[in-house]
Each structure stands twice: as structure tokens, then as C-alpha cells.
Amino acid sequence: MDNLNRLNNLKIVHNMKSVLQNNGKIKSNIKGQSLDFSDYSQYEIGDDFRKIDWNIYGRTRKLYVKNYEAERQIVVNIFLDISKSMEDLKTEKFNKAFEIAKNLSYIALNNNNKVVWHRVDNSGKLYAYNIKTKQMLSSLRAENLKPLVREKYMSKVLNAKIGIHQTSILISDCYSFDMEEVIKLFAYRKNNLIVLQTLAEEEKKIDLNGDIILKDVETDSEIKIEITRKIREKYQLNLKKHQYEIEKKAMKYGYRFVNVNLEQKVSKILFKDLIKERILR
Amino acid sequence: MTFLSPIFGLTLLAIIPIIIIHKFIKRYKRQNIPNNELWEELLNHRKADKKIDKLRNNIPLILQILIIIIVTILLIEPRFNGKNYLGEKVAIILDTSYSMESKIDDAKKIRIAKNKIKELLKKDDSIFTLYTLDKGLELKADENLNSSELENILDDVICTKKSNSEIKTIQLIEQLALDKNLSAIYFVTDHNYDFEDEKINQIVIASQKINNIGILDIDEKEDDLYIKIKNYGNEKINFELKMNLDGSNTYKIWDLEIEEKESKYFQIKLDEEYSYLDAKLDYNDDLVLDNSYYYVKNNLNEFKVLLVTSGNEFLQKALKLDKTVDLEISDSQNIIEGYDLYVYDNVLTEKYPKNGHILEFVKKSKSMINAPFEYKLGNHEIFKYIDNDFSIYKASKLNLPIWASPLITANENILAYVGEENGYKRLVFGFDIFDSDIVLKKDFPILIINSLKWIFDENIQSIGRYFVGDDVNFQNRINNEDIVLRDNTGEEKDVEINNQTVVIHDLLEPGIYSIEQDDKIYYFSVNLNSNEIIKVDNEFKEQRTLIQKNNVEIDLMKKKSMRKVILIFLLLILIIEWGVYRYDY
């Protein structure tokens with residue numbers, strides 16, 4: 001089975017109770033206008049009288065309204081971190097993150113989900129970019145999203161307009177300390193949040209030695225530091241702690257946090273890692 | 001606390017470049033990273049133990065500064081004040097041989113040496129002992145004296161005219177160095193010795209400018225006098241040679257010249273008879289002592305010996321081996337008197353002379369003993385160095401006179417005897433030398449020489465030339481009591497008479513000495529030891545490469561120290577530092 005076929009068979013696992021007005025293939029437990037009968041409820045003023053079940057009225061002399069299960073269209077928000085920290089290093093960090101986002105969007109579109117990419121305009125503001133068709137999706141290029149911005153992407157995410165009961169996929173290196181606020185925002189909007197952390201291998205395993213000035217590519221701030229083996233070890237511990245903190249907060253709201261291994265091919269990430277992590281099925 | 005070499009304190013300046021290397025020329029690499037918030041957080045956390053971290057990060061710097069401080073301390077050699085603190089025992093040996101009398105820029109070497117020792121006493125707070133060295137080592141000040149007392153003793157030390165050979169000097173000092181209590185020996189001298197023991201430090205006082213001539217030796221051959229003179233300097237020298245014969249007040253004078261660095265025999269014909277002379281070089285140089293030399297004419301007495309034989313070549317040759325023998329040969333039985341010794345070789349005589357010693361080989365007598373028989377040599381000095389392996393085929397049985405004692409016996413038969421009759425010695429062998437194979441062995445000339453030695457005895461006449469510091473020994477058989485020794489000034493000196501040996505200890509001054517006995521006067525000369533002269537000679541040759549700008553002194557400090565150990569220790573520190581550094585990064 002080739003990759004495309006495999007991709008066509010994949011679905012995003014929406015661990016949520018979201019509902020939208022538009023029909024989609026995913027069934028929701030919120031009442032709607034599909035043909036499948038769900039249950040009855042007592043007639044109230046304003047209800048569509050066409051839904052009154054006259055048979056029951058004949059038997060009971062009470063007015064009941066038939067309820068039907070709604071077929072809802074899920075909105076999938078793609079938040080791809082486009083700050084400078086995502087720059088391609090030895091490992092193609094941004095390109096791979098972009099590929100993952102694109103593939104997840106494809107899967108969503110394939111399943112009649114609504115896909116919205118939250119992009120940054122020239123003024124640095126976040127705006128929603130609806131991807132209605134696969135054609136629109138395929139026209140997206142990583143280059144179009146560049147140059148990467150110096151501002152912290154997460155502070156922008158905090159201002160994002162997100163509907164309730166949606167699925168949001170955040171692809172970022174997650175260095176930001178605003179992550180807790182971000183998670184809280186998605187929780188407040190009752191979203192299903194999936195955090196995919198994309199760290200290059202060289203970020204996980206530091207290979208620096210001696211006296212070094214570390215320059216933050218986003219803020220240009222510098223740190224003079226003498227990196228020794230112990231310092232390296234401490235840093236790595238710190239990084240793990242940071243990851244754990246994010247994961248812990250994510251789990252608090254039932255969200256999933258996945259540290260993506262960018263050393264692998266994107267296909268492997270999708271077909272193996274994300275399935276294993278129950279992001280896809 | 002004092003420092004032996006404070007100049008090395010400058011080594012501390014080496015700390016500056018190290019600090020510069022560590023701090024100011026610290027090269028940072030620039031590295032772009034996606035985000036440094038985590039690093040900042042890490043640094044914030046580390047602030048808590050920043051002081052310890054600072055210390056830890058500066059370990060290489062601290063260690064290197066420590067190393068420099070240790071090296072500096074090592075070099076400046078700090079000493080605590082107070083004699084008993086360190087308890088190091090140091091021996092100072094001052095060379096007091098006569099060459100130390102020579103001058104360097106109008107200052108005597110001994111004076112410079114004393115000043116050098118005083119400097120040493122001030123700098124070093126060890127416990128000192130002071131020795132002087134000329135012919136032997138003499139302890140002048142032991143460890144109980146304080147430095148001012150030691151300086152007083154040092155001031156009183158004077159040069160002697162004694163000296164020693166280089167080998168003996170090295171032996172003496174290295175023997176002293178065996179004393180484990182001694183931590184160091186400082187030998188202040190004017191010669192560069194090659195010591196093996198690292199405990200021995202030399203302070204050599206020598207000069208580049210040399211202005212010295214000296215007499216090395218005087219010898220006489222066929223009435224001509226040969227005087228060996230050496231010019232140690234770098235310039236040709238014209239000088240006067242003055243000679244005084246037999247202590248008269250008149251001098252014979254020769255104008256001579258000698259090239260630089262030349263050693264030369266000057267041949268001089270003296271027409272006059274003399275017993276002794278003193279020669280002087282009239283020249284103003286750095287060392288006056290070696291300008292004089294004393295010489296005693298070869299005054300060995302000759303003994304008139306008459307050999308009565310019908311032609312015995314072996315006996316003739318053996319007798320002539322003794323240079324004191326003036327040999328005459330006769331085949332006549334009519335003896336003319338007036339010889340010191342009469343040697344009868346197989347000659348029958350009825351009347352022996354009464355004014356001389358007699359040595360006789362008898363061939364025939366009434367009763368003979370024929371081989372094979374075993375003989376036995378008596379215990380007598382004439383058999384010294386003689387092996388008992390010669391054979392006698394035929395010998396006369398001798399009658400032993402009452403004044404004689406047996407010399408060779410065979411079964412109670414006497415084959416030879418010795419004795420003294422009326423003050424003259426008689427030695428009689430009862431066989432012809434041709435009736436024995438001794439004549440063909442090396443023992444024969446030894447036997448004859450031994451016989452002559454016993455007959456004439458070794459006496460005063462054989463003494464002649466001595467060096468300052470020597471002991472004089474000679475045999476005195478004639479009259480123990482009547483010996484008078486006069487020194488070079490004519491003053492009567494004590495002599496020690498031990499059995500038949502006369503001993504004169506420690507001749508301290510060069511000159512002509514005399515011994516008077518039985519109205520006879522015997523002379524002997526005492527000179528500076530030529531070894532010392534040669535030593536000075538060598539020294540100048542060897543020192544030339546050593547002496548640099550300073551013409552006063554050269555320090556050859558070979559002090560054995562802990563430096564090697566400490567340097568190894570420092571190396572270890574550096575290795576550990578490197579290891580720690582590698583582990584950390």
C-alpha cells in the first residue's frame with residue numbers, strides 16, 4: 001500500500017464533544033438534523049412543529065418532538081510555529097514541521113473536516129486561513145510561510161480566534177514559557193488540543209563545549225557561558241523538565257503532547273509515531 | 001625569614017600573563033541557538049552555588065598560580081631566622097693551601113674567600129662547621145659556635161704552605177661528605193674540582209688575569225744545574241734569577257726571559273762547589289711563594305769497595321748496581337787498607353784488614369758438605385725478597401765465631417754467618433757462588449744489595465728533598481742522642497727519636513734544613529709541593545673557559561635540592577588538572 005492510500009485511510013482522533021452546524025462525517029452526541037433518530041423531548045414553544053410525533057400524541061395526548069442525531073463537520077485548527085526558533089538547522093526542523101502540518105491537514109480534509117491554518121500576516125497578526133480544498137492545501141509551500149518571524153509565536157496564539165469544540169493541532173518547539181497560558185486558552189474554548197513538539201536532534205543532545213556566547217535567534221539576547229559536561233547534563237535535564245511540565249499541563253486537560261522525532265521521515269512520523277500516540281487512527 | 005636568592009621573586013611576574021590568558025584573552029565562540037530561555041533559567045538556578053562554581057571554573061587558573069608560587073618559593077629559597085630551626089648542618093671548607101696567597105686585583109684570594117664565607121654565614125641560617133684544607137682537613141670551628149664567633153675564627157685563619165694533590169683533596173672532601181648529618185658542604189677554593197657528591201658545592205675564586213711565574217723544579221746533571229720555570233701569565237716576562245750558594249750573602253744573578261704560558265728548563269753552569277742553594281725569581285707577581293726554590297746537592301756518600309777475585313763477572317755487576325759503591329777490583333792477596341768494604345771471592349787469606357767490613361765467599365775448607373742436603377735460611381734482613389728456591393751443591397762447614405750468628409744452616413752445619421767484630425760487619429758465605437744456582441737467579445743481585453744495605457746501613461746521608469708538610473724519617477744507628485736539627489732560620493728544632501728511627505714531623509716552612517751528627521752536617525731541602533704548582537697550572541688552563549666577565553669569583557653551585565622532586569610534583573598537578581579539565585568538558 002502506497003503512502004497516499006495509507007494517508008487516505010487515516011483519521012484524526014477527535015477526543016472531544018464538539019459540534020458544528022455544518023454536516024460532517026463524524027457523529028457527535030449533540031442533537032442535529034441528520035436522518036438518524038435519537039430520542040424524544042417534550043414540545044416547547046418555538047420548536048419546529050413539523051417534528052411533533054403525532055402518533056405519540058394520539059396515544060398520550062401529549063406533544064413530543066422527535067430528535068435526530070446531527071452529522072457535524074469538525075474544525076481542525078493548524079497552529080504551525082513560524083518563529084525563528086523553528087529555523088532549519090542540521091535537521092530540517094521547519095520543513096518537517098510544515099510537512100506534518102500539511103499531511104494532517106490532508107487527512108482532515110479527506111475526512112470532511114474543516115481545516116484552518118492560523119497564519120501570520122505582514123503586520124505580524126494572526127489570521128485564520130481556511131483551506132477548503134485539497135488543491136488549496138497542495139498550493140501551500142513552506143517558502144510562502146517564510147521569513148520566519150522573530151516574535152514569539154505563542155504570544156500570538158494567545159490572541160487567536162478559535163471556536164469552541166474544535167480540534168487544534170499546535171506544532172512547535174515549545175520553548176515558550178507561555179505554554180501554560182496557551183493550553184488554558186484551548187481548554188477554555190473546549191478544544192481538543194494536540195501538541196506536537198518538534199525539536200531537532202542537536203537541540204536535544206547539546207554538542208557545545210568551552211566558552212561560548214549563546215545568541216537567541218529570536219530575541220538576539222546573548223548569554224556568556226562556559227559549557228562543561230556538567231552544564232550540558234544540567235541543560236538536558238532542564239529541557240526534559242520543561243517538556244514534562246508542558247506534558248503535565250496538557251494531560252490535565254486530557255490533551256496529548258507528543259515529542260516528535262524529527263530524525264525520522266515524515267511518513268514514519270505519521271504512520272507509526274502518531275498512530276502509536278493515538279493522534280491518528 | 002630571609003631568602004637565599006630573592007632575585008627569583010621576579011618569577012611571580014609570570015602570574016600576570018597567566019591571568020591575562022585566562023581572563024582577558026578568553027576566546028568565546030558564538031553560537032546561534034533557537035532559544036536561550038532554558039539556558040537563562042539554568043544560569044539563574046546556578047546562581048545559588050555561583051561562588052563554588054566560580055572557584056571550580058577557576059581551578060586551572062588557581063592551580064597554575066599555585067605552581068608559580070611554589071616554583072618561586074623554591075627558587076628564592078626562604079630560610080627561617082634562628083639557628084636551630086632548620087637544623088641543617090653545613091660544613092664550610094676553606095682552602096688554605098699556599099696558592100690561596102696569590103692576589104686578584106691586589107686582594108689575596110684567601111681574603112676574598114673569607115668574605116664569601118661571611119656572606120654565606122649571613123644568608124644561610126644553618127648550623128655551620130668550619131674546616132681548613134691544606135695537606136689535610138682540619139676542623140677549626142664546630143657547630144656549637146655562633147656566627148660571630150665563627151667569623152672571629154675565620155679572621156684568624158691563615159694560609160699555610162702545605163698543599164695536596166687534586167685526587168687526595170677530592171678524597172678528603174668526599175669522605176667528609178659521607179657524614180649523613182651534613183646537608184651540604186661549601187668548598188671555597190681557587191681550583192675547580194670534579195666532585196661526584198652533589199652535596200658538595202664549590203665556590204671557586206680564580207682570576208682571568210694571571211701574572212705569575214714560579215720555579216717548578218731544580219735538578220743537576222753532570223755539574224750543570226737545570227731550573228724549571230713556568231710562566232702562567234699571558235705575557236712574556238723578563239726577570240732576574242738570583243742564586244745564593246751555601247747561605248752566603250752574595251747572589252749570583254742572571255737576566256732571563258720566558259714566553260707566555262711557557263714552561264722551560266734554564267741550564268746554568270756553576271763553577272763553584274756548594275752543598276745547597278736557594279734560587280729566587282726577582283719579579284713582582286701575584287704569588288710570591290713560588291718564586292723561591294731550595295736545592296741540596298746530591299750528597300750521597302760513596303763507599304769504597306775492594307773486590308778480591310780472580311774474575312767473577314756476576315759479583316762485579318751485582319756490586320755495581322749500588323750507586324754508592326765505588327768499586328775496585330784486585331786479584332792480589334796483599335791487601336792495601338783504606339776501603340770501606342772488602343769482598344773476598346773464593347780467595348784464601350790469612351790476614352784480614354781491620355779497618356773495614358768484610359763480605360766473603362769461601363770455597364774450600366777442611367770439611368765440606370755435598371748435595372743433596374737441605375738448607376735453611378735464617379731470619380735476617382739480607383734475605384728480604386729472596387725465595388728459598390736456589391740450590392747449593394757443595395759448601396764448607398763453617399766454625400761459628402763467638403761474635404757471629406748463623407745465617408744458613410744445613411742439619412746443624414753452618415753454611416753462612418753474620419756478625420760484627422770490632423765495629424765492623426762480617427758476612428761469610430761458606431760456598432762459592434758457582435757451587436750454587438743462585439747466581440743464575442734474580443735473587444743474587446737482591447742478595448748482594450741487601451748485604452750492602454745491611455753492611456753500610458741506611459743513614460742520614462740518604463735524605464735529600466722534601467715538601468712542606470712532609471714527615472722526615474731516617475735511620476740512625478750511630479748515636480741516638482747526638483742529633484741536632486736546624487730549620488731554615490738556623491734555629492734548633494726538636495726531633496723525635498723512636499728506637500733507631502729519627503722522625504721530624506710537619507716541616508712547615510720551605511728552606512734548607514740541616515742535621516748535625518758527629519761533627520758532620522747533612523742538608524735537606526723543603527719546598528712547596530710541586531703538585532700544588534701543577535694544580536695551579538692546570539687550574540688556569542681549565543678555568544680559562546669558566547671565567548667570564550667577573551674576574552673575581554665564580555660560583556659553581558651544585559646544591560642538591562628537592563627541586564627535581566618538586567618539579568615532578570608540579571608536573572603531576574598539571575596532569576591532574578588536565579585530567580579534571582578533560583573530564584569536565
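Where in chain B does B:Asp246 lie? B:Asp246 sits in the loop between strand 13 (237-245) and strand 14 (252-258) of chain B; helices (H or I, at least four residues) and strands (E, at least two) are DSSP runs, numbered from the N terminus. Its phi is near 50°, a positive value in a residue other than glycine. Most residues other than glycine have a negative phi, and most peptide bonds are trans. Another backbone feature turns up at B:Pro372, where the peptide bond from B:Ala371 is cis, with omega near 5°. B:Pro372 belongs to the loop between strand 22 (368-370) and strand 23 (376-377) of chain B.

A word on the ground rules. This is a predicted model, in which local features need pLDDT of at least 70 and side-chain atom pairs count only at pLDDT 80 or more, while totals for chains, interfaces and linings use all residues. Residues are numbered from 1 along each chain as its sequence is written, chains are lettered from A and ligands numbered from 1 in the order in which they are written, and side-chain values use heavy atoms, with hydrogens and water left out.

Now for the place where the two chains meet. Here 36 residues of chain A are in contact with 25 residues of chain B, contact meaning heavy atoms within 4.5 Å. The two chains bury about 3,300 Å² between them, with 58% of it on carbon and sulfur atoms; buried area is the accessible area (1.4 Å probe) that two parts lose on being put together, summed over both. Two salt bridges cross this interface, a salt bridge being a side-chain nitrogen of Lys or Arg within 4 Å of a carboxyl oxygen of Asp or Glu. B:Arg30 forms a salt bridge with A:Glu222, and their closest N and O atoms are 2.4 Å apart.

Twelve residue pairs, both at pLDDT 80 or more, are in polar contact across the interface of chain A and chain B. A polar contact is a pair of N or O atoms within 3.5 Å; within protein, one must be able to donate a hydrogen and the other to accept it, and residues adjacent in sequence count only if both atoms are side-chain atoms. On the side of chain A that touches chain B, strand 8 (210-216), strand 9 (222-227) and helix 8 (229-252) of chain A each supply at least two residues. Helix 8 of chain A gives the most, with nine residues. By class, that side of chain A has 15 nonpolar, seven polar and 14 charged residues. In this sorting, Ala, Val, Leu, Ile, Met, Phe, Trp, Tyr, Cys and Pro count as nonpolar, Asp, Glu, Lys and Arg as charged, and the others, Gly among them, as polar.

Three strands form an open sheet in the order 9(A)-8(A)-2(B), with mixed pairing; two strands pair if DSSP finds at least two bridges between them. Strand 9 of chain A and strand 2 of chain B are the edge strands, each pairing on one side only. Strand 8 of chain A and strand 2 (residues 29-33) of chain B pair in the parallel sense over five bridges, and A:Lys215 has B:Asn32 as its bridge partner. Strand 8 of chain A also pairs with strand 9 of chain A, this time in the antiparallel sense over six bridges, with A:Ile223 as the bridge partner of A:Leu214.

Within chain A there is an open sheet of six strands, in the order 5-4-3-6-7-10 and again with mixed pairing. Strand 5 (126-131) and strand 10 (256-261) of chain A each have a single partner strand, so one side of each is left without a neighbour in the sheet. Strand 4 (residues 114-120) and strand 5 of chain A run antiparallel, joined by six bridges, and A:Trp117 stands opposite A:Tyr129.

Over all chains, the count comes to 26 salt bridges. A:Lys93 forms one with A:Asp173, the closest N and O atoms being 3.0 Å apart. A:Lys93 lies in helix 3 (residues 93-110) of chain A and A:Asp173 in the loop between strand 6 (167-172) and helix 6 (179-188) of chain A, so the pair ties together parts that are 80 residues apart in sequence.
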